Amino acid sequence: MPARATTTGPREADLRAALAGVIDPELRRPITELGMVGDLTVDDGGRVRAVVRLTIAGCPMRDTLSSDTARALGEVAGVTGVDVELIVMSTEERQALKERLKGSGGSRGIPFNAPDSLTRIYAVASGKGGVGKSSVTVNLACAMAAKGLRVGIVDADVYGFSVPGLMGLTQQGITQSPTRVDEMILPPVAYGVKVISIGMFVTGNQPVAWRGPMLHRALEQFLTDVYFGDLDVLFLDLPPGTGDVAISVAQLLPKAEILVVTTPQAAAADVAERAGAIALQTGQKVAGVIENMSFLTLPDGSIMDLFGSGGGRLLAERLTRTVNAPVPLLGQIPLDIALREGGDNGAPVVQCAPASAAADALQEIADQLASRPRGLSGLKLGITPG
Ligand code: ADP
């Protein structure tokens with residue numbers, strides 16, 4: 001029996017309106033828009049029975065969905081109780097959902113390259129490992145998500161993937177795997193950021209021993225098959241150096257702008273310059289330089305330049321000359337135990353210690369990136385796929 005309008009019982013329109021507030025945790029859209037709401041019935045005593053269609057049988061979010069639905073319906077005037085029945089979508093229903101998500105025809109291809117895509121893409125690069133590139137990536141992503149932007153991360157640091165751990169998606173060595181709806185992959189969400197990593201597809205701590213073409217295909221699949229939805233910002237955490245992945249990113253996402261992370265050491269600037277100068281070959285823009293581990297504040301308040309000073313500014317100046325366009329130094333992040341601890345605990349410092357000096361510097365960089373004007377599409381690539 002469909003929901004009825006009685007003088008005392010809940011109205012169907014109110015029930016549906018309440019369900020529009022239930023957001024699918026993975027797809028991040030109201031369940032009413034996703035075709036997930038089935039029969040909705042109310043008995044004479046005001047008890048509601050709602051059928052919710054899950055995308056797949058083993059949906060890891062079934063408990064959350066069930067309790068969110070029950071809570072939303074329970075708050076509607078006249079409802080005396082709620083029973084939620086979870087069923088699984090039929091093949092046709094799932095197909096309809098995929099079309100709704102990807103646009104009709106389930107278009108393949110990389111959505112970020114669509115002419116109307118407004119997603120800003122930042123490929124975070126560094127000359128060498130250990131300078132804090134991944135820590136900077138996750139913190140900028142979280143800071144921007146906290147401002148209400150829709151943010152995603154592709155962990156493209158294939159050999160040294162660390163983003164799932166830094167985002168709290170790896171617990172006791174086990175990384176959360178994405179849900180799959182047929183060939184569509186739904187990225188896990190942490191701190192409001194959609195995250196995908198090679199680390200989610202390998203078992204245990206196995207090394208990834210892939211060469212260029214395979215890496216290129218894996219990256220292409222991430223960008224094509226992973227459902228990110230409309231994003232304001234996409235970050236790519238590149239491997240250190242100037243390897244195959246950086247070239248693949250440039251080919252697959254010509255709009256991507258490069259952010260270079262370096263330390264204050266002048267010698268580090270030399271290596272980092274090569275990572276940034278790749279933009280010359282690929283026709284990408286360099287959005288800026290971020291200096292990390294800039295200084296250490298000692299307990300007595302004095303400042304110690306543990307890794308020297310000036311490397312970030314030097315690199316920004318050199319890149320400005322190399323790419324013949326202004327490359328700003330976006331900020332200097334101090335050494336801060338809170339940042340390291342946050343990373344170790346899977347809780348980025350901008351979230352877990354927002355008052356810390358490192359969080360402050362990261363927040364300021366995120367603010368600058370968020371307020372940059374959009375619409376700087378990439379230049380044409382001067383290289384061909386190898
Ligand atoms: P990369 O991605 O460049 O290899 P990571 O982000 O993994 O570097 O950082 C390397 C290590 O340095 C991590 O243990 C991280 O917590 C630590 N680290 C990075 N930046 C800072 C900082 N500003 N203060 C303290 N520790 C940091």
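Analyst: Contact means that heavy atoms lie within 4.5 Å of each other. In this predicted model, Val136, Asn139, Leu140, Ala143 and Met144 of helix α4 are in contact with Leu362, Gln363, Ile365, Ala366, Leu369 and Ala370 of helix α12. Residues are numbered from 1 along each chain as its sequence is written, and side-chain values use heavy atoms, without hydrogens and water. Local features need pLDDT of at least 70, side-chain atom pairs count only at pLDDT 80 or more, and totals for chains, interfaces and linings use all residues.

User: How do the residues of the contact of α4 with α12 divide into nonpolar, polar and charged?

Analyst: They divide into 9 nonpolar, 2 polar and no charged. Ala, Val, Leu, Ile, Met, Phe, Trp, Tyr, Cys and Pro count as nonpolar, Asp, Glu, Lys and Arg as charged, and the others, Gly among them, as polar.

User: Where do α4 and α12 run, and at what angle do their axes cross?

Analyst: α4 covers residues 133–146 and α12 residues 357–370. Their axes come within 9 Å and cross at roughly 65°. Helices are DSSP runs of H or I with at least four residues, strands are runs of E with at least two, and both are numbered from the N terminus. Axes are lines fitted to C-alpha atoms, for helices over the stretch in contact, and angles run from 0 to 180 degrees between N-to-C directions.

User: Why is the crossing of α4 and α12 called right-handed?

Analyst: A crossing is right-handed if the near helix is turned clockwise from the far one by less than a right angle, and left-handed if anticlockwise. The crossing of α4 and α12 is of the right-handed kind.

User: The axes of α8 (266–282) and α9 (311–323) come within 9 Å and cross at roughly 30°. What makes α8 roughly parallel to α9?

Analyst: Angles under 35 degrees count as roughly parallel, over 145 as roughly antiparallel, 65 to 115 as roughly perpendicular and the rest as oblique. The angle here is roughly 30°, which makes α8 roughly parallel to α9. Their crossing is right-handed. Ala266, Ala269 and Asp270 are among the α8 residues in the contact, and α9 contributes residues including Gly311, Leu314 and Arg318. The contact comprises 10 nonpolar, 3 polar and 3 charged residues.

User: What makes β1 and β2 a pair, and in which sense do they run?

Analyst: Two strands pair if DSSP finds at least two bridges between them. β1 and β2 (47–54) have 4 bridges and pair in the antiparallel sense. Leu40 has Ala50 of β2 as its bridge partner.

User: The open sheet of 3 strands has the order β1-β2-β3, with mixed pairing. Why do β1 and β3 count as edges?

Analyst: β1 (37–42) and β3 (81–88) each have a single partner strand, so one side of each is without a neighbour in the sheet. Helix α2 (62–74) packs on this sheet, touching β1, β2 and β3. Val82 is found in β3. Leaving aside neighbours within four places in sequence, Val82 is in contact with Arg47, Val48, Ala70, Leu73 and Gly74.

User: Another open sheet, of 8 strands, has the order β10-β11-β5-β12-β4-β13-β14-β17. What makes β10 and β17 its edges?

Analyst: β10 (189–190) and β17 (329–333) have a single partner strand each, so one side of each has no neighbour in the sheet. Within this sheet, β4 (120–126) and β12 (233–237) run parallel and are joined by 5 bridges. Ala123 stands opposite Leu236 of β12.

User: How is the chain divided into domains, and how many residues of each are in contact?

Analyst: Domain 1 spans 12–102 and domain 2 spans 111–371, with bounds from an automatic or database domain assignment. Their centres, taken over C-alpha atoms, are 36 Å apart.
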